[in-house]
Amino acid sequence: MNVAVFRSMAPVFPKMASPVRSACCVVLAAVVVVYAQRHSQQDSHVQYERVGADVTMKCGSMDWDAAVTWTANGTDIDESHLNGSYLILKNVGLSQSGQYFCYEGSSWHLKYQTNLRVGTPPKEPVLMCRSNNYPKGFYCSWHLPTPTYIPNFFNISVIHGTKDMVCEKDSPPKNRCHIKYLQLFSTVKYKVTLTVTNALGKNFTTLTFDEFAIVKPDPPESVVAKPVPNNPRRLEVSWQNPSSWPDPESFPLKFFLRYRPLILDQWQHVELSDGTSHTITDAYAGKEYIIQVAAKDSDIGTWSDWSVAVHATPWTEEPKHLTTEAQITETTSVSTSSFMAPPTTKICDKGAMVGSGAMAVCWTAGLVVAAYSVLFI
Amino acid sequence: PDVRADDGDPAGDSWGIFTFLCAALCNLPALPALNCSEELGAGQSIQQTYDLTRYLEHQLRTLAGTYLNYLGPPFNEPDFNPPRMARAERVPSATVDLDLWRGLTDNARLAANYRAYSRLLCYLRVLDGQVGTAELRHRLSHFCASLQGLVLSIGGVMSSLGYPLPAGPVGPPGPPGASAAPNDFLKKMDDFWLLKELQTWLWRSAKDFNRLKKKVPPAVVTLRLEARGF
C-alpha cells in the first residue's frame with residue numbers, strides 16, 4: 001500500500017528541476033510512510049471479545065491450509081494454538097489482550113493484524129441525582145460498579161412530563177452532567193435514564209424523582225471551634241453556609257451539630273433552626289472534643305454529609321493546675337536519677353494546651369521540678 | 001488541632017446587650033401600642049402561617065397515604081408518574097417560573113396562596129362528601145378544618161398588611177355537570193392530582209412565607225397598630 005502511494009506521487013511534479021523533484025519526493029514519501037504507519041497502528045482493526053469466549057482469528061485472505069506464523073505482542077505463538085492458518089484462542093482472559101500479527105510463512109509478509117481487547121459487557125450502571133444548589137437546578141453523576149476493560153459510552157436523557165431536557169456534561173469529571181430548573185414547585189416528576197454501551201453490549205438504569213426529593217446541600221464550610229476564656233465547660237462553634245447554596249435568604253438552611261469528647265463514643269446532638277453559630281455549654285472540662293455540622297434546607301430534602309471534623313478543648317486554668325500536678329508527681333516518684341524526665345512530659349501533656357504560652361509553661365514546670373529534686377536529693 | 005488563644009472578649013459585650021434587652025422587655029407591657037393581645041403583628045402572623053403550612057404538610061403525608069391506598073393501584077405506587085391531562089388544570093398549580101416567583105410582590109404572593117388554598121379546600125370538601133370509609137371521612141374533615149384555618153390565617157396576614165382579600169368564586173367553578181369525571185378511573189386521577197397539587201402548594205408556601213418573613217420588618221408591625229388608634 002505504501003509503495004503504491006509513493007508511485008502515485010511521482011507525476012505530481014513534472015515541471016520541477018530533477019534534483020529538487022527527487023528531494024521533494026523523498027520528503028513526501030517519508031511523511032506518507034510515517035503517517036501510514038501511525039495511522040495503521042491507531043486505526044488498526046480492533047477486535048473486542050468477551051472474557052471466557054473462544055476466539056478464532058483468520059489470517060486475512062490467506063487460505064486455511066497456508067503456512068503462517070502468528071505473533072502476540074511480539075512473541076511467536078506455538079503451533080498448538082493453530083488450526084491450519086487460523087489462530088484459536090480458547091476461554092480468553094484479560095491478559096490475552098494485545099496486538100496480534102499474522103505473517104506469511106516463507107516471505108514474512110504481514111498479512112493481517114488486529115488489536116484484541118478482551119472485556120465484559122457493562123453491568124447496570126449506578127446513577128445518582130442531587131440538587132445541592134436549589135433552586136437553580138440539579139446534577140447527576142454515574143459510574144459502573146465493575147470495570148469492563150474496554151471503552152464505554154454513556155448517554156443520559158432527562159424527561160420532565162412531556163419535555164425532553166438537556167443535561168449539560170461537566171468537562172472535568174466527564175461522568176457528571178447538570179440541568180437548570182426552568183420551573184419551580186413542579187408536580188411532575190423528573191425521569192433520568194442513563195444508558196451505557198460498549199462493543200460487547202449495553203445496559204441502562206432509570207431514576208424517577210420529585211423536584212423536592214433530591215435536595216441535599218453540601219456540608220457547612222469553615223467550621224471553627226474555640227474555647228471560651230474563663231469558661232471551662234464551653235466551646236464556641238461557628239460555620240458558614242455551603243458556598244454552593246445560591247440563595248440562603250429565600251431558602252434558609254437549618255443545621256445539625258454533633259459533638260463528643262474523643263474519649264467517648266456517644267455523640268451529643270443539637271438541631272438549630274437558624275443562625276450559623278452555637279455555644280456548647282456542657283463540655284467536660286479539659287477534654288478534647290470533636291465537632292461536626294450538617295445542613296439541610298429548612299423544609300425539604302435531606303441532610304448534607306457531615307462537615308470536616310474540628311477539634312477543640314475547653315479553656316482550663318493553667319498555673320494552679322500545674323502546681324498541684326508537680327507536688328503529686330514529686331511525692332509519688334522516689335529519688336531516682338531518672339526522676340526529672342517523666343514529670344516534665346506528664347505536666348505538659350495533661351492540659352493538652354496548644355499555643356505559644358504552653359511551651360513557656362513546660363519550661364517553667366521543668367525548672368520547678370528540677371529545683372524540688374535538688375532540694376530533696 | 002488548631003485551638004487558638006482567644007483574642008478579644010465579646011463575652012462582656014453580650015452581657016451588656018442582654019441586660020438592656022431584659023430591661024426593654026420588662027418595660028414593654030407598659031407601652032400601650034403593644035398592650036393588646038388580640039391583634040397580632042404581621043410578623044408573628046407570618047410565622048404562625050408558616051408553622052401551619054408545615055403542620056398541614058405533615059398531616060397531608062398521612063392523609064395522602066391512606067387515601068391513595070383507598071384508591072388502589074396504580075395510584076398508591078411510589079413510581080406512579082402519569083401525564084398531566086387537560087382536565088387536571090382546574091386544580092390551581094403551584095408550578096411557576098423561577099424568576100417570576102422571585103419577583104412576586106408581597107401582595108401577589110399572599111393572594112396566590114389565598115386563592116389556591118380556597119379552591120383546594122372546596123375540592124377537598126367535595127371529596128369528603130363522596131369518600132367511602134369512615135376513617136377517611138374523619139381524616140379528611142379534620143384536614144379540611146386545618147386547611148380552613150390556613151386560609152383564614154393567610155387572610156389575616158393580608159388584612160394586617162393592608163392588602164384586600166382576593167374576590168372570587170367560593171364554590172367549585174363551572175356548572176356541576178361539566179366538572180364531573182366521565183368515568184371512575186378519571187375520577188380517581190382527579191383525586192390523585194388534587195392531592196399532588198395540595199402537597200406541592202404546601203411545600204411552596206413554606207418558601208413563600210420564608211420570603212415574607214424576611215421582608216416584613218418589625219417596624220411595620222408597630223406602624224400598623226398605631227394607625228388603628230391604639
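Colleague: What share of the contacts in chain B with a separation of 6 or more comes from residues 24 or more positions apart?

Modeller: In this predicted model, such residues account for 87% of those contacts in chain B. The elements involved are eight helices and one strand, in the order α-α-β-α-α-α-α-α-α from the N terminus on.

Colleague: Why is A:Asn91 called exposed?

Modeller: The cut-off for exposed is over 50% relative accessible area. A:Asn91 has 53%, so this residue counts as exposed. A:Asn91 sits in the loop between strand 6 (86-89) and strand 7 (98-104) of chain A, and has a positive phi of about 50 degrees although it is not a glycine.

Colleague: Why is strand 17 called an edge strand?

Modeller: Strand 17 (201-209) pairs on one side only, as does strand 12 (163-165). The open sheet in chain A has the order 12-11-16-17, and its twist averages 25 degrees from one strand to the next.

Colleague: What makes a group of residues a nonpolar core?

Modeller: The members are buried residues of nonpolar kinds, Tyr among them, joined through side-chain atoms within 4.5 Å. The largest such core has 97 residues, and A:Tyr134, A:Phe138 and B:Tyr117 touch the most other members. Helix 7 (residues 184-215) of chain B gives the most to this core, with 12 residues.

Colleague: Which residues does B:Tyr117 touch, not counting those up to four places away in sequence?

Modeller: Among them are B:Leu147, B:Ile154, B:Trp201 and B:Ser205.

Colleague: Which peptide bonds are cis?

Modeller: One of them runs from A:Tyr134 to A:Pro135, with omega near 10 degrees. A:Pro135 lies in the loop between strand 9 (126-130) and strand 10 (137-143) of chain A. Another joins B:Pro73 and B:Pro74, with omega about 0 degrees. B:Pro74 belongs to the loop between helix 2 (42-71) and strand 1 (96-97) of chain B.

How values were computed. Residues numbered from 1 in each chain as written. Chains lettered and ligands numbered in written order. Predicted model: local features only at pLDDT ≥ 70, side-chain atom pairs only at ≥ 80, totals over all residues. Heavy atoms only, no water. Helix = DSSP H or I, 4+ residues; strand = E, 2+ residues; numbered from the N terminus. Contact = heavy atoms within 4.5 Å. Buried < 20%, exposed > 50% of the residue type's maximum accessible area, 1.4 Å probe, protein only. Pairing = 2+ DSSP bridges. Axes fitted to C-alpha atoms, helices over the stretch in contact; angles between N-to-C directions.
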